[in-house]
Amino acid sequence: MQKDYTSLWERLGLNLENHAGLLGVLSDAYKNIYQSQRGRPKGMEYFDFVISEIHGLRVEEIFEAKKEKRKVVGTFCLYVPEEIVLAVDGVCIGLCAGAEVGADEAEKFIPRNTCALIKAFMGFKLAGLCPYVELTDLLVGETTCDGKKKAYEIFNEITKKVYVMEIPNKKGEDGKILWRNEVRRFAEKLEELTGKKIDLEKLKASSKIVNDKRKALQRLSFLRSNDPAPISGLDALLVNQVSFYDDPIRFTTKVNKLCDELNARVKAGIGVAEKGSPRVLISGSPMAIPNWKVHAIVEGSGAMVVGEESCVGEKNFGTLLDEDFSSLEEGMQKIADRYMTINCACFTPNDERLLNIIDLAKRLKVDGIIHYAIQFCTPYLIEAFKVKKVAETMAIPFLRIETDYSMEDIGQLKTRIGAFLEIIEKGVIA
Amino acid sequence: MKIGGIDIGSRYIKYVVLENNKPVVFYKKDTGHDPFQVCRELIEMNKPDKLVATGYGRHLLEIHGSVNTITEIKAVAIGSKEVFPSCRTIIDIGGQDTKVIATNKDGMVTNFEMNDRCAAGTGKFLEIMAKTLGFKVESFGYQCNCEGSDDIKINSMCTVFAESEVIGLIAKGIKRELIATAIHNSIASRVIALLKRIGVNDDIIFTGGCARNTYLQRVFENCFRTKIHVHDNPDMLAALGAALYAGHAVSPFSSLFVPPAINLTR
């Protein structure tokens, strides 16, 4: 029997009735999508548990951490350096949301034709449904897409605790310098918030924690190169989603344990699908928890998702930080430079993303690329054109999908994805 | 051996039975509110030994009847290749979807595009607009009057807004024949935009219920300066393709596609 967290949620000011409804829907969706899968690794039990406690145990942990004067920093983008948050003993939580919740509340502040991700993080807060946002001491926004950067202005009026980091538009030297300064200012902001000084030793320790997490996720990604895939795309996506709010050290241990099991599976030739099943790479907009829509359709149609070229995926762990630094300043610079390797579609040009897609397609041995963009996510919607060209050069079938968090286009998506898989299988009779 | 193909569309269910690879039966019935029941009735009328389902509602038969399925994109490509062997580009306008499909010379789908999430540019849109103007959808295309229609445009991408635009034009006293033309042109321009994305190769075939609309056919012919082929039963081709597929089913994944015994008891 699960612990009752009602009093905690009440203290955080959640809308209890709606919140109970949300957890009910989430648990049903999880049962249908996740627990109906066959041949799941035993190591996923931990992540099942994390989901069952999504607004419970972890929220309580953070609540306790706050009692020990630790500060909680909420983020919406991979560019916010977690190392620095941990170096001031902070708790770093990704707040992007992947469910259509509180859209009507959000639409009081932002236009209807705003992307689902922005609407959801506003909506979750406004509808009183996110315990994490209530626990935060600082919300860190960033100047990525226009939608987010303007929404943060309004979000700050609502929450009074938004701090915005300026991300350059280009990856050249000027951009790098701007970003190094921004990272330095962010560190100062955190020192001011926590009253703690960052020293070399702390920064080294926190850098190791975050790098270890990246290494574990890289390991998982590499294991997915095998045919048959030892883990479903849905499960791997979940692990990636959980990486944004779980305790990083515990998370790394659990992912490594899962990878040990997957390693054994690979050696024994065991997978979750038959060898030779079509392998798909998903590329594009982030899929925040509980956005499992496209993976569920692809894998429900007999193919395997073997990689996510996305913020919730390769962009999060693809590059490691060079931990070999001997001064605080050098460390800060290396951290800033490491983050500049994340190939967000907000940059122009962004050719490194395309090169990464080529590498991934080869390493993961993909049979098809699905470009996924959230409706009104202009940077990714437009960049899809370039990804398509890359796929054509590699002679890999390509499908472009534009959707949101609602379920009304499931039928259409099933047809599109189904037809795409038919092209991959070349099952058309001549 | 009798081989069936059933296409469960949003507006109609189409059912084809083949004997010796030739269609001997073609039924079409309103999808209504209980498509599973309609499927059962159709199949009862002429029981096949093998059956493959396609169309928007194909999963109904997959789940409740253990019938194998293919997407309507693949089905319509197979059906089109059968009736027009030289076809390389397919325009399919059905009740709720518009699709354009590119095939190679072997009839395999190489690329496709579909309309985005709303009904604008589909058969349902034509139906709503015909009703608004007081025409029957079956004869809607014949009502188009090109003269002077260039000045009138329907711009909206959404059925609801497009209907408001139409109501606005009616209120201005514009003749309904001219409005009808503008509506058809707006659908055609959207389909043409989709076609440009996949690239057009001859021959072009127009399928789905809307292919019975000769005005749309003419607009496409004028745009691409080539003949657009339309079968006598353009709405039959997906069901035909499904049936042909059921008869031939061989693929690298053939074990998955051999249709088992049909059991349509729910």
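Reader: Where is the place of P349(A) in chain A?

Author: This is a predicted model, and in it P349(A) sits in the loop of chain A that runs between α16 (328-339) and α17 (351-363).

Reader: What kind of peptide bond joins T348(A) and P349(A), and what is omega about?

Author: The bond that joins T348(A) and P349(A) is a cis peptide bond, and its omega is about -15°. A cis peptide bond also joins D227(A) and P228(A), where omega is about 0°, and P228(A) belongs to the loop between α11 and α12 (233-242) of chain A.

Reader: Turning to backbone torsions, what is phi of D89(A) near?

Author: Phi of D89(A) is near 60°, which is a positive value in a residue other than glycine. D89(A) lies in the loop between α5 (82-87) and β2 (91-94) of chain A. With 16 other C-beta atoms within 10 Å, D89(A) counts as partly exposed.

Reader: And what about K365(A), where is its place and what is its phi near?

Author: K365(A) has a phi near 50°, again a positive value in a residue other than glycine, and its place is in the loop of chain A between α17 and β7 (368-374). K365(A) has 14 other C-beta atoms within 10 Å and is therefore partly exposed, given that a residue is buried at 20 or more and exposed at 12 or fewer.

Reader: Let me move to helix packing: at roughly what angle do α7 and α9 of chain A cross?

Author: Helix α7 (residues 116-126) and helix α9 (residues 146-159) of chain A cross at roughly 5°, and their axes come within 10 Å. That angle is under the 35 degrees used as the limit, so α7(A) is roughly parallel to α9(A).

Reader: Which residues meet there?

Author: From α7(A), the residues I118(A), M122(A) and K125(A) meet G147(A), K148(A), A151(A), F155(A), I158(A) and T159(A) of α9(A). By class, this contact of α7(A) with α9(A) has 5 nonpolar, 2 polar and 2 charged residues.

Reader: What about pairs between the chains, say α19(A) and α3(B): how far apart are their axes?

Author: The axes of helix α19 (residues 410-425) of chain A and α3(B) are 8 Å apart, and the two helices pack at an angle of about 55°. The two helices are therefore oblique to each other. T415(A), A419(A) and E422(A) on the α19(A) side meet E72(B), I73(B) and K74(B) on the α3(B) side, and the residues of this contact divide into 2 nonpolar, 1 polar and 3 charged.

Reader: Staying with α3(B), how does it cross α8(B), and what classes of residue are in the contact?

Author: Helix α3 (residues 72-83) of chain B and helix α8 (residues 237-248) of chain B have axes that come within 7 Å and cross at roughly 90°, so α3(B) and α8(B) are roughly perpendicular to each other. The contact of α3(B) with α8(B) has 11 nonpolar, 3 polar and 2 charged residues. Among the residues that meet are A75(B), V76(B) and I78(B) in α3(B), with L237(B), L240(B) and A242(B) in α8(B).

Reader: How is chain B divided into domains, and how far apart are the C-alpha centres?

Author: Chain B is divided into domain 1 (1-84 + 235-266) and domain 2 (88-230), and the C-alpha centres of these two domains of chain B lie 27 Å apart. Their contact takes 15 residues from domain 1 and 18 residues from domain 2. On the domain 1 side, α3(B) gives the most, with 7 residues, and the residues of that side divide into 8 nonpolar, 3 polar and 4 charged.

Reader: Last topic: how many residues has the largest nonpolar core, and which have the most contacts inside it?

Author: The largest nonpolar core has 209 residues, and those with the most contacts inside it are F121(A), V280(A), I6(B), A242(B) and A243(B). This core draws at least three residues from each of domain 1 and domain 2 of chain B. Leaving aside residues up to four places away in sequence, F121(A) touches F76(A), L95(A), C96(A) and A97(A).

Terms used
Residues are numbered from 1 along each chain as its sequence is written. Chains are lettered from A and ligands numbered from 1 in the order in which they are written. This is a predicted model: local features need pLDDT of at least 70, side-chain atom pairs count only at pLDDT 80 or more; totals for chains, interfaces and linings use all residues. Axes are lines fitted to C-alpha atoms, for helices over the stretch in contact, and angles run from 0 to 180 degrees between N-to-C directions. Helices (H or I, at least four residues) and strands (E, at least two) are DSSP runs, numbered from the N terminus. Angles under 35 degrees count as roughly parallel, over 145 as roughly antiparallel, 65 to 115 as roughly perpendicular and the rest as oblique. Two residues are in contact if their C-beta atoms, placed from the backbone, lie within 7 Å. Ala, Val, Leu, Ile, Met, Phe, Trp, Tyr, Cys and Pro count as nonpolar, Asp, Glu, Lys and Arg as charged, and the others, Gly among them, as polar. A nonpolar core is a set of buried Ala, Val, Leu, Ile, Met, Phe, Trp, Tyr and Cys residues joined through C-beta atoms within 7 Å. Domain bounds come from an automatic or database domain assignment.
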